Every structure is written in C-alpha cells, then in structure tokens.
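Here is a short briefing to read with the structure open beside you.

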Amino acid sequence: MTDLAPSPTLAHEPADEFLWLEDIHGDDAMTWVREHNASTDAALVNPAYSALEARVLQVLDSADRIPMVSKRGDWYYNFWRDEANPRGLWRRTSWESYLSDAPEWDVLLDVDALSTTEDAQWLWAGASFLRPAPGKEYRHAMVALSPDGGDAVAYREFDLATRTFVAGGFELPAAKTRLSWVDADTLYVGTDTGEGSMTASSYPAAARVLRRGESLAQLAAKEPLFAVPLDHLSGGVSHSSTPGFERDLAYDVWISTTAAATCAWAMTGCTSTSRMTCPFPSTTSGCSCARAPIGVFPAVCTAPAPCWPLSLTHSWPAAVR
C-alpha cells in the first residue's frame, strides 16, 4: 500500500498547553474534568436552576410528545425515552396505528432491560438497516449501543422479525466505528484494529471489508480498502444501495490551517484515487485535484475525481470486494 504522508503543517505551530487532555481516560484528565465540573456546579446550581431542570425533565418525559418516526418498508420506527424507560425503547408501528390517538407500538428492544440483563449501562446510539431485495421486508439492522454515552459504540446485528440479536452475527466491540452494509453478508468497516488504524482524532483512518463469520483479528489482517493520513480527522467507505443509484463512496475529512473540507470520490472504472484540496467553506466547483494514490487501487485513474455533486460510481477491484 502507498505510504500515507502527513498533511503539511505550519512552520511554527503554537504549543498546546492542554495537549495532555488528549488522554481522555487518563487519571490527570479525569481529575481535571471532575474539578471543573465541581466549580461549574458551585457557580451555577441554585434553587432557580434546580426548578428549571425539573420543568425541563417534565417536558422531556411527557407522554404528550409527538413520537418522531423514520420509515423502513411498511413500518415506522421510533426511539422513545420517558421517566419509566430512561434508557429507552426501540419500537415500531404501522402508518394507520401511528395516525390514531393511541398508537400500538411493537417494542423491538428495551435498552433498560438489556442493561439490567447484561449488567451494563447501555445507551442507544442508532441503527443501520440492511436494504432488502425488492418486495421483501426489512429484516436485519446493525444496532449501535454506547457503553458510556460517548462516541465509542458497540455494534450488534439485530433480527427485526425475532426481535433478538443474531447469534453468531456481525458484532464489533466499542470503538469510534464507522460501518456500512454492502450486502447481507458483507460490511465496510472502519474501526480500531490496533496501531495505525485510527487517526490522531481517534476516528477511523481506514476502511476494510468484513464478511460474515470473520473476526476482528481477521479484519485487522486485511489490507485496507481505503485509507487516509493519520493526521486527518477521519476516512472511510460507505455503500449506497438505493435502487438505480448503487455506489460506493470513499471519503476523507480533514482540517488544516488553510482548508477544512469533506471530500469524496465516486468513480467509474477508477483504479486509484485523488487527494482533493478544497477552499473553506467547500463549494461545488472550488475543488482541485492532485494525484496522490491512497488505498488499495491498481493502475491509474482515467479521470480526476469530482467533488460534490457525486455523479459517478467507483468500481472497486474484484479482488478486494
């Protein structure tokens, strides 16, 4: 794989006196957080604050709230938290039921019950659905659960029909993971697989192909499908399965002293990729391409990659897919 050189930096960067806080779970950092939390509470928490907090919680826990939903197939999905279910319920209902005064909810996952059963402090972090074949119902989703409310989440494959996690299914430990369904037996995954797999910002620096039945160790042993320099914010690959618009998208997010952008590549017949430099704020026509192959792509590109809008698709090497 091509070596990933770090991005250019200022000749004289100012010293960061708080760089030691990057060790977010370190004893010194946690002591600093607790001390500042205590001083904040001492300055702000008073009877008026406590009364306002109680009123806000009353509104947030109200059963009169409109349950916001997202549609997948024939079902309307909602995640609901209230006083009785502080960690929440993942549930769904039909359109006809949703329009009624008292919708009948089909509870898929009770996060409070799961936390009790597993002696954990799980917090809901969303679900990524596998698009089914035309005419079929949505059946599988990758459920994201945070162990502490942070960016790091654990992913588990969930069966919507049985309302259970899939035994022996896809499962990834807590990390700042980014993933995307490719098909029923394949995921694009960017996660912590050891040294060099995460950027300095602790987000994925590379995406690999994970197939059903493979372990995290097997994933780590694979050559990345796409990778970015470790001083960038994040990079990865996402698959769009929208009928008629199927494509794979490789993205690179970075911030420097002269630019801040999210750029992506979506190419047909492209067998390498191009580094983009975009002005801030990024515009549709303001990107310029400089050839700098990164990732696992043989030969050369036949055309420079566009920035937004993305109108082409990328054909990954068959050996990688």
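There are 13 aromatic pairs in this predicted model, where rings of Phe, Tyr and Trp (its six-membered ring) pair if their centres lie within 6.5 Å; planes under 30 degrees apart count as stacked, over 60 as edge-to-face and the rest as tilted. Because the model is predicted, local features need pLDDT of at least 70 and side-chain atom pairs count only at pLDDT 80 or more, while totals for chains, interfaces and linings use all residues. Residues are numbered from 1 along each chain as its sequence is written, and side-chain values use heavy atoms, with hydrogens and water left out.

**Aromatic rings and charges over them**

- Y98 and W105 make an edge-to-face pair, with 6.5 Å from centre to centre and 80 degrees between the planes.
- Y98 counts as buried because its relative accessibility is 18%; buried means under 20% relative accessible area, exposed over 50%, and partly exposed in between (1.4 Å probe, protein chains only).
- The ring centres of F129 and Y138 are 6.0 Å apart and their planes stand at 85 degrees, so this pair is edge-to-face.
- Both F129 and Y138 are buried, and they belong to one aromatic cluster together with Y77, F79, W90, W124, F158 and F165.
- R91 lies over the face of W105, 4.0 Å from the ring centre; a charge sits over a ring if NZ of Lys or CZ of Arg is within 6 Å of the ring centre and within 35 degrees of the ring normal.
- The ring of W80 has the charged end of R65 over it, at 3.9 Å from the centre.

**Helix α4**

- Helix α4 covers residues 111-118, and V111, D112, L114 and S115 are buried in it; helices (H or I, at least four residues) and strands (E, at least two) are DSSP runs, numbered from the N terminus.
- Why do the buried residues of α4 line one face of the helix? Seen down the axis, they fall within an arc of 165 degrees, so they share one face; the arc is that of the directions from the helix axis to the C-beta atoms.
- T116 and T117 are exposed, on the face of α4 turned away from its buried side.
- The buried residues of α4 pack against several strands, including β2 (75-80), β5 (123-129) and β7 (153-159), where contact means heavy atoms within 4.5 Å.
- At the N-terminal end, D110 caps α4, with a side-chain oxygen 3.0 Å from the backbone nitrogen of D112.
- D119 follows α4 and has a positive phi, near 50 degrees.

**The β10-β11-β12-β13 sheet**

- Four strands form an open antiparallel sheet in the order β10-β11-β12-β13; two strands pair if DSSP finds at least two bridges between them.
- β10 and β13 (226-227) are the edge strands, each pairing on one side only.
- β10 (residues 178-183) and β11 are antiparallel over five bridges, and a hairpin of two residues joins them.
- S180 stands opposite Y188 of β11.
- On its other pairing, β11 is joined to β12 (residues 206-211) by four bridges, again antiparallel.
- R211 in β12 is the bridge partner of T186, and L210 is that of L187.
- Five of the five residues of β11 (residues 186-190) are buried: T186, Y188 and G190 point one way, and L187 and V189 the other.

Notes
Polar contact = N/O pair within 3.5 Å; in protein donor to acceptor, adjacent residues only side chain to side chain.
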